[in-house]
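Let's take a walk through this protein together. Have the sequence and the 3D view open, and we'll go from the whole to a handful of single residues.

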Amino acid sequence: MRRIALLSLALALAACQKAPAPTAPASTPVKETYDASAGSDARRIEADVRFLADDLLEGREAGTRGYELASLYVAQRFRAIGLAPAGDDGSYFQTVPMLRGVRQADGNALVVVRDGQERALRFRDDFLPGINFNEAQASVEAPAVFVGQGVYAPELQHDDFAGVDVKGKIAVLFNGAPAKFDNDRRAFHSSRATKAEELVRRGAVGMIEVQSDDEQARSPWQRRADNWQTPGMRLRGADGKGIDTWPQLRVYAMASSASADALLSAGGRTAGQLSQELRDGKLRAFDLPGTIRLAAHTAIAAVESRNVVARLEGSDAALKNEHVVFSAHLDHVGIGAPVKGDAIYNGALDNALGIGVMLEAANRLAHDGAAPKRSVLFVAVTAEEKGLLGAEWFARHPSVDGTLVANVNMDMPMLLSPTKDVVPIGVEHSTLHPLVQQAAKEIGVSLSPDPSPEEVVFVRSDQYAFIRAGVPAVYLDGGYTGVDGDAKSVQDAFLKERYHQPGDDLSQPIQWADAARLAKLNARIGRLIADSPQRPQWNAGDFFGEKFGKPAKATP
């Protein structure tokens, strides 16, 4: 009887156990190679990237065990280099509080009610609700209005809201900002946050972003639809509520270009005509007939992730409380829809390589003889892929006393073909420019202009969080002047085929020697900033300086 009782207890306990979590299909094993001729700096970077981009870390999504392993690794690398911890409570870690939202398969709707008929768009195929961090289940039905790209820029004599009232309505719009804007203003006004703030100010209750034909050609809707379960995140305040979540916009959604006619064709207009007017810069706002019913169902939970922060203390008593901040994001997008049987999005270039470059720059500065005059911080930030959240938290809540005077960011250096140059993104905005030029000359590398300024990369990585805090920044990308051919075509192929895909893995022909050169250049830039008599300043008249910082005074 005792054996029967024990067996019954064992069976009961087994029944209570949760089934093991499914594991993602692994990538095709990458053949190990060893280049005996490589420099020790290149090998260190390669070793870091090989660990951080391994399947073991499952794509390093913020808030996951894979990311925690990556952050522990970077903390111990900082320790081995000889950098002091500069996070919370004497540790290498700064806690970043967030909300995590995941779309649910049920309870979502986008219904166009027009001319006495209802047309329901299909979840995933036609539309995706935005992740709602304010209400788990939200629904609104209201009149709708088309507002072009949702841009209000009176300084440029541009108003997409002219002639319409959005109060109490759902705003329907295209992404981006007018092509006639200069790159800086187009970058600022393309931001979803900028548009949401303007819509809230005007009293809108919802927003629908419609994918244009050109967007569909660049980034097919199916990619987004396949990864509809990917979590979103927002920073969480002390009250437990999300920061920058705009609860006044009850529901937000994205609609595919294929469903654009259902939303926009009215009064003799078609979605195709509006897409052409978008290209021609001739969009005008107009009220849409009928109403639109929007609903979203989101699972919301409080989560935490962490930045990894280390400090090299400055040697000058008057300057050591001023900090030059090196940053690189440690997270990637995790596990997603399988592509050719592989569901792990390793993020080798994006941004394991950026972390490797930052670690090598840290190693150079830490062993560069005398310490720099200003202190230098090295921050591996979390949740860049969720909206620059780790960098935003650090810029708002630095884990060190003193001031942040400059940011040198490293993100996705596309070093897939040997090159002779680097591209300093954003260098023209501040007095960092001559320092970057000097460092490049000393290292023996040429500087090339951004070949795709219309992509406004300057506001699409972590440096923008520091810019918004008024801190001048620069971000160095891989070059385009190939040693043996056209490096740009190689980079374009990466962006088209492997960016944010499982193919961003260790099978790529990463140029470790170029990565070591980039680390050397970044270290030299950091040293020049740290030792300069004057802290960096925004150039007089600079858009970002006037918007967020204190620009330098014009020279008479």
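The protein's secondary structure comes to 16 helices and 21 strands. Those elements are DSSP runs numbered from the N terminus, with helices being H or I runs of at least four residues and strands being E runs of at least two. Before going further, keep in mind that this is a predicted model, in which local features need pLDDT of at least 70 and side-chain atom pairs count only at pLDDT 80 or more, while totals for chains, interfaces and linings use all residues. Residues are numbered from 1 along each chain as its sequence is written, and side-chain values use heavy atoms, with hydrogens and water left out.

Let's start with the overall build. Along its principal axes, the C-alpha trace spans about 95 × 75 × 50 Å. A compact globule with 556 residues would have a radius of gyration near 24 Å, and the protein's 25 Å agrees with that. That radius is taken over C-alpha atoms, and the globule rule is 2.2 Å times the number of residues to the power 0.38.

How much of the protein is buried? Buried residues make up 54% of the 556. Here buried means under 20% relative accessible area, exposed means over 50%, and partly exposed is in between, using a 1.4 Å probe and protein chains only.

Of the contacts with a separation of 6 or more, 83% are between residues 24 or more positions apart. Contact means heavy atoms within 4.5 Å.

Now zoom in on a pair of helices. The axes of α4 (residues 183-190) and α5 (residues 192-201) come within 5 Å and cross at roughly 60 degrees. Axes are lines fitted to C-alpha atoms, for helices over the stretch in contact, and angles run from 0 to 180 degrees between N-to-C directions. The two helices are therefore oblique to each other. For the wording: under 35 degrees counts as roughly parallel, over 145 as roughly antiparallel, 65 to 115 as roughly perpendicular, and the rest as oblique. On the α4 side, F188, H189 and S190 meet R192, T194 and K195 of α5. By class, that contact has one nonpolar, three polar and two charged residues. Nonpolar covers Ala, Val, Leu, Ile, Met, Phe, Trp, Tyr, Cys and Pro, charged covers Asp, Glu, Lys and Arg, and the others, Gly among them, are polar.

Next, some buried residues. S71 has its place in helix α3 (residues 65-81), and it counts as buried because its relative accessibility is 0%. Leaving aside neighbours within four places in sequence, S71 is in contact with F93, R306, V308 and L330.

Helix α10 (residues 348-366) has two spots to look at. One is N351, where the peptide bond from D350 is cis, with omega near 5 degrees. The other is L353, also found in α10 and buried at 0% relative accessibility. What does L353 touch, not counting residues up to four places away in sequence? The list is I45, V49, A348, P413, L415, I510, W512 and A515. L353 and D411 are 58 residues apart in sequence and 8.0 Å apart in space, C-alpha to C-alpha.

Strand β19 (residues 421-425) holds I425, which counts as buried at 6% relative accessibility. Neighbours within four places aside, I425 is in contact with D450, V457, F458, V474 and Y475. The C-alpha atoms of I425 and R396, 29 residues apart along the chain, are separated by 23 Å.

Let's finish in the loops. P451 is found between β20 (446-447) and α13 (463-468), and is partly exposed with a relative accessible area of 32%. Not counting residues up to four places away in sequence, P451 touches V423, Y480 and K488.

A383 lies in the loop between β17 (375-381) and α11 (389-396). Its phi is near 55 degrees, a positive value in a residue other than glycine. Is A383 buried or exposed? A383 is buried, at 0% relative accessible area. H500, in the loop between α14 (487-497) and α15 (512-531), has a positive phi near 55 degrees too, but H500 is partly exposed at 22%.
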